[in-house]
Amino acid sequence: MASEKDLNLEATELRLGLPGTSDESAKNQMSATPRSNKRALPEESMSSNATASKNCDQETTPHTKAQVVGWPPIRSYRKNNLQPKKSEAEPSGIYVKVSMDGAPYLRKIDLKVFKGYTELLKALEDMFKFKAGEYSEREGYNGSEFVPTYEDKYGDWMLVGDVPWEMFTNSCKKLRIMKGSEARGLGCVV
Amino acid sequence: MFWGSRKTINMNYFPDEVLEHVFDFIRSHKDRNSVSLVCKSWYKIEKYSRQKVFLGNCYSIGPERLIARFPGLKSLTLKGKPHFADFNLVPDDWGGFLYPWIKAMAKSRIGLEELKLKRMVVSDKSLELLSKSFPNFKSLVLVSCEGFTTDGLAAIASNCRFLKELDLQENEVEDHRGHWLSCFPESCTSLASLNFACLKGEINLASLERLVARSPNLKSLRLNRAVPFDTLQRLLIRAPQLVDLGTGSYVHDPSSEAYNKFKAAIQSCKSIRSLSGFLEVAPCCMSAIYPICENLTFLNLSYAAGLQSNELTKLIQHCKRLQRLWILDCIGDKGLGVVASTCNELQELRVFPSDPFDAGNAAVTEEGLVLVSEGCPKLNSLLYFCQQMTNAALITVAKNCTNFIRFRLCILNPIKPDPVTNQPLDEGFGAIVRSCKGLKRLSLSGLLTDQVFYYIGMYAKKLEMLSVAFAGESDKGMLYVLNGCKKLRKLEIRDCPFGDAALLEGMGKYETMRSLWMSTCEVTLGACKMLAKKMPNLNVEIINETEQTDSNLDDSQKVDKMYLYRTLVGHREDAPEFVWLL
């Protein structure tokens, strides 16, 4: 685990103090900011190796982008629709929460880094240490204790894999790896 | 009011129709509200003659009560989610649903003609019901809404026989690539305004051309990215009477036939005063637009990421009559200097970041703003995303432009001090509020202490909306504002060290305000509960996304997001499970 110094946390730290100072009182006043929704630091980020290294690059380069949720205050529509001049990877991914029945805390993954369902399922399986089983359109996930499901933007819980990948990434709001016994209504055979 | 104070005249001797006719001249909501308070008969006449209603918070009153209060309702404006929802601070499914309103109005046979919505969740079902329930429906304006697809638009197009206006601004619309535009029947010739710039999908170009051709009243047309240059040129030929044009794609070959035809067509559009779009743009071809530039009063190039600074400045040099300019920061400080020397009538300027996530790259600084303030003394509305700001610059701006009504400054690094003096920006903003006595809306950024709030409370007497982020040092800051800004209606605060003492001491104020938002501050659950208990006319809502249940949190724990607002109808019934209604 890299030490705090190596990760240059101070450079990315948002606090009420002048740049270059490490004022004790400024640190105390910072109680608001640690709870803020900053981007996960590299060692906390998702299991997918691709994403982890991508994050490392972004967090430790000199031009550190302090990515705080909701800052700068620009409408999401504008953020999503303005095509920047440089066409490098956009920093805004499609982050969705992933929960698994029985797991004590949630994870977050960026759907944008996956090219399709196979990659996504592999990443989920690695992250939560389970096997999803074979997917078939008719029967859902066969031969598995756990079933990947997602909530779409209309609040409905759907089986992962039914719709085209693009449609899925556009409408998925969160993922839940359900215990097979609960997923019966989704047409799965456990 | 109109009749002087002669005691012998009793307005009640005038028949109702006369009073009604008089009230017709009273347009502003505030004045009409005052009129209804004068006496019972005025209340009654005003009630039945009121056609336009504005609800800044859709949860302040319920649809049934609104309909009972104003049965003659024809035009309704509703705002749903709190402003910070625009910046992803409010989870999906928070609320702001349109459907109950449509259902209630349809049931009571309200003769709805106009609906304007902001930050609401609009389902296809509600659009369909709307289209079928109000035969005289004329105008639909949706701003920053979501939840609907092009199927809902198809229903509107098919069923609203007298539709004049369909204006979609920055909505997230699921595009089913259907033929919604083709659903406007041939008999529909009433369109005056059509804006579908925010749609992502293809549309039937032939249908569009036919629609425009049969709409002689069409004054405003804003196209989406999928409308190619070729079609644009053909549309202009059919609609030379346009006043407001939003191009779709503006990519073409300058040597092509289409380009020549476009140049000819645009010359005959002598009425265009407002220009936007250029969602995709080939920079070399902006010169075709020059002929109409001298008449433009509004230019919106804030989505034209393909234009570089020199292209922008060349264009702007032709726009001497510009009153409103929305632009990207790639124009640079020098470019803003060109704006300053050319656009002396400028009233509103918005400079957006072209690369919002790279704080090291914003191309405008305090210099550009100072230049604009020197050249454009009529400036009254500002939204400025910049790399840095100095107190000296703000003081200069305050001296040059005393007419600001809206002043929103966003320094991309939110706690950046004055880079020259390393001081907080308290004095700069202080100068703004002291100088601009008519200031109604203010957004702060940069390194700020309690002092800036002292100034705001002291001088910003007309302030109605204040947005604060990463600022202040103690509860005193928030209290200065609550105690000093008598006209405050909306206060939104994020990541500031304001806590329970400030929240509770301001208790009496909140009923005079529309709403208060506090997120990532020092406010505890206990204080919120106490506030909710003491103020029954306020809804105090906590947004809790951590999947903890109520029983796990004790009162001393800080809440992440609190939103409170005054209401006549108590707790809302549509709150999702992550919203706790205290």
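**Chat on a two-chain predicted model**

Trainee: What covers the buried residues of α16(B)?
Mentor: The cover includes α15, β18 (406–411), β19 (441–443) and α17 (450–459), which belong to chain B. Helices (H or I, at least four residues) and strands (E, at least two) are DSSP runs, numbered from the N terminus.

Trainee: What sort of model is this, and how are things numbered?
Mentor: It is a predicted model, where local features need pLDDT of at least 70, side-chain atom pairs count only at pLDDT 80 or more, and totals for chains, interfaces and linings use all residues. Residues are numbered from 1 along each chain as its sequence is written, chains are lettered from A and ligands numbered from 1 in the order in which they are written, and side-chain values use heavy atoms, leaving out hydrogens and water.

Trainee: Back to α16(B). How many of its residues are buried?
Mentor: Seven of the ten in helix α16 (residues 426–435) of chain B. Buried means under 20% relative accessible area, exposed over 50%, and partly exposed in between (1.4 Å probe, protein chains only). Among the buried ones are Phe429(B), Ile432(B) and Val433(B).

Trainee: And α14(B), why is it called largely enclosed?
Mentor: Because seven of the ten residues of α14 (residues 366–375) of chain B are buried. They include Leu369(B), Val370(B) and Val372(B).

Trainee: What do those pack against?
Mentor: The buried residues of α14(B) pack against α13 (332–342), β16 (348–352), β17 (381–386) and α15 (391–400) of chain B.

Trainee: New topic. Which residues have the most contacts inside the largest nonpolar core?
Mentor: Tyr250(B), Phe407(B), Ile456(B) and Leu503(B), in a core of 206 residues. A nonpolar core is a set of buried Ala, Val, Leu, Ile, Met, Phe, Trp, Tyr and Cys residues joined through side-chain atoms within 4.5 Å. Another core, of 27 residues, lies apart from it, with Phe114(A) and Met127(A) among its members.

Trainee: What does Tyr250(B) touch?
Mentor: Leaving aside neighbours within four places in sequence, its contacts (heavy atoms within 4.5 Å) include Phe229(B), Phe262(B), Glu280(B) and Ile289(B).

Trainee: Is Phe470(B) buried or exposed?
Mentor: Phe470(B) counts as buried, at 2% relative accessibility. Glu170(B) also has a positive phi, about 55 degrees, although it is not a glycine. Glu170(B) is in the loop between β6 (165–169) and β7 of chain B, and counts as buried at 17%.

Trainee: Which peptide bond is cis in chain A?
Mentor: The one from Trp71(A) to Pro72(A), with omega near -5 degrees. Pro72(A) lies in the loop between α3 (49–60) and α4 (76–81) of chain A.

Trainee: How many helices and strands are there in chain A?
Mentor: Six helices and seven strands. Buried residues make up 42% of its 190 residues.

Trainee: Last one. Where is Ala192(B)?
Mentor: In the loop between β7 (172–174) and β8 (193–195) of chain B. Ala192(B) is partly exposed, with a relative accessible area of 21%. Beyond neighbours within four places in sequence, Ala192(B) is in contact with Lys164(B), Asn217(B), Leu218(B), Lys219(B) and Ser220(B).
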